[in-house]
Amino acid sequence: MAVLAMKKVNICALKKDRKAVLETLQRLGMVEISDLCEAQQSGFRKIDTFSMRAIFDKNKAIAQNALEVLEKYEPEEKPFLSSICGKDEISRRNYYIFANEAEEIIRVANEILRLSKVIDDKTAEIVRINTLIEALSDWKLLDVPMKFAGTKRTRAFIGTLPKDVSEPDLKEAMAELLPNEDRYTLEVLHSSAEQSCIFVLCHVAAEKVVLEALRKLGFAYPTVSTKKVPALKISKLLGKIDVLKEQILISKKEIRSYKGQRNAIKFMVDYHEMRSQKYEMIAKLLHTKNVFMLSGFIPEKYAAKLEGALTSKFNSIAIDFSAPVAEEETPVVLQNNSFASPVEGVLESYSLPGRGEVDPTSVMAIFYYVLFGMMLSDAAYGLIIVAACGFVLARYKNIKTGLKKALRMFLFCGVSTTFWGVLFGSYFGDAIEVVSETFFNTPIKVPALWFVPLNEPMRMLAFSFAIGIIHLFTGLFMQLYELVRAKKLKDAIYDVCSWYLLVGGIIIYMLSVPMIAEMLVLKFILPPGVGRAGAIVALAGALLILLTAGRESRNPFKRFLKGLYGLYGVTGYLSDILSYSRLLALGLATGVIAQVFNKMGTMAGNGPAGVILFVLVFLVGHTMNIAINLLGAYVHTNRLQFVEFFGKFYEGGGRKFSPFFVNTKYYNVTEDVCNE
């Protein structure tokens, strides 16, 4: 359990070695480079690298988009659980091959994007043509062009009416509007609920009256028109669609032909990302005509290694290490053993330790695994978790660090779950007993090594409270340790020991009360004398809190009121202890739901149908149960750490150490091969 000591590092070297120095730092991944201000060193200035980074980011985006296009038209064959396989390693030889061909690879990526745009444009054109064909399909019976206006002696009206109209009805309506006019003829070409397409031909002398009559019926010229006969236009458009589809197929085939360039394009994403990162760091440095200077933080344990790596490669370089000044915000790096390090992510999700705080990870890990296992508490579920996490960890070695820690955390949680499941006699609930009795008529029951919480819930509740008290008192001890380490002995007595006396004394007194011992099904009861001693100790703790909680106030009355308010905090301890009843609740929930599914599976008896039903219900039911309660155990274990445990001593507020390193997406580049 440790927060690594940090050193401030300042490096000054020749400007001609700048990129090589940065590449070395990037490969080592030990230094967090700070953004220096020009005012900090007279004669030094900064370099604006925005335009260069923009070029690298643009090329990275081109490569990434080209990969997405390739994946769309030629999906990559990926192994099982490929998402957690981690990144591949790239050899020095292949790095230089790809780097030297960067321009050609980017050209290929641009070509893939061009072909993709061709496909998109032609697909959009097909959609537009289909829309036009759909609009022209209502006019297929028209045997003249839609723009036909008539002859020298006739006038033609081609358009629509706003409703479904049959030809006889239209003729009747026109006859009513033009009773004395018969110099026209009409035809309904198509009718639907939305509109009717009509063709009207009249003598040139009757043009005005016929048009006026049509307008009274809602006549409108069509929104789509063509100089050709509609049927011929549709045929031509269909032929154009066939040509476009053929061109799309050719473009897709050409894109697929670049599948062999997939790895090279992936490398371009990482290559330009690394270069962008490097130039981002260059913008943080200070420069003169001949030298540059950088400053940052490094864990003290790595200082000698960094100095050796730089001085062995560069003759003209100056490195200085110093302790961070008090007002500087020092980044935080945690270092724990393999048992505790998996829960560092849980601590980080809350907050990293602040300046001078102790890293609580090791202590938290013990309780985390214990509490998680008690909440899930089924041996079979635990073994499944252990097997799944163990398989992934053993099978895939290049998993990302964060995911690897999470899997190891759940591996230990699975071990704890198995342990508590054996103690409580739960193996898929009561599946062994149900299966043996239903299908073999010989009940077999695996006894609990300790007791069955479903049969003795009050005993489980008492045990949960005991675990909670130990957890809370450990949190208080962490605060005591921090205060003693900071040589604040009075604060340790007033703010920690007083609560040990008060809460501990109350607990001792309660354990001497027969009613409470009977309610919690305790097999022991403390003697009355011990109970009275506990009450005296609690009273002493209460008086100490009352007299010291407001000690920063000079006014006696305010000090007394603050003491009363501080003493009121005992209700918070009661609430915190009661919170651990969730250990009982979630443990019972897991067992009860498992037993319900086991019972449901036996509803069809022990025949063939019963076996099939039981297997289906068993698989579906227990899968749901383990998923739901796994999530519940994770959430509530975190809550007990964040609220009850951390609330006793931990403030946090630390900033995570963010070193300059090779941060790539597809490949792990571990050698110093990043060339300009």
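## Terms and basis of the model

A residue is called buried when its relative accessible area is under 20%, exposed when it is over 50%, and partly exposed in between, using a 1.4 Å probe and protein chains only. The structure is a predicted model, in which local features need pLDDT of at least 70 and side-chain atom pairs count only at pLDDT 80 or more, while totals for chains, interfaces and linings use all residues. Residues are numbered from 1 along each chain as its sequence is written, and side-chain values use heavy atoms, with hydrogens and water left out.

## Cysteines

Cys12 is partly exposed, with a relative accessibility of 27%. Cys37 is also partly exposed, at a relative accessible area of 45%.

A disulfide is a covalent bond between the sulfur atoms of two cysteines. Here the term is applied to a pair of cysteine sulfur atoms within 2.5 Å. Searching the whole structure gives zero disulfides. For Cys12, the nearest cysteine sulfur belongs to Cys37 and lies 17 Å away, and Cys12 is in no disulfide. Cys37 is likewise in no disulfide.

Helices (H or I, at least four residues) and strands (E, at least two) are DSSP runs, numbered from the N terminus. Two strands pair if DSSP finds at least two bridges between them. Strand 7 covers residues 196-203, and six of its eight residues are buried.

On one pairing, strand 7 runs antiparallel to strand 5 (residues 154-161), with eight bridges joining them. Within this pairing, Gly159 stands opposite Ile198, and Leu161 has Ser196 as its bridge partner. Strand 5 is itself mostly covered, as seven of its eight residues are buried. Strand 7 is also antiparallel to strand 6 (residues 184-191), through seven bridges. Ser191 stands opposite Ser196 in strand 7, and a hairpin of four residues connects strand 6 to strand 7.

## Helix 9

Which residues of helix 9 are buried? In this helix, residues 303-311, they are Ala303, Leu306, Ala309 and Leu310. Seen down the helix axis, these buried residues fall within an arc of 135°, so they line one face of helix 9; the arc is that of the directions from the helix axis to the C-beta atoms. An α-helix has 3.6 residues a turn, so residues three or four places apart point the same way.

The face turned away from the buried side carries the exposed residues Ala304 and Lys305. Among the elements that cover the buried residues of helix 9 are strand 2 (6-14), helix 1 (18-28), strand 9 (291-299) and strand 10 (317-322), where contact means heavy atoms within 4.5 Å.
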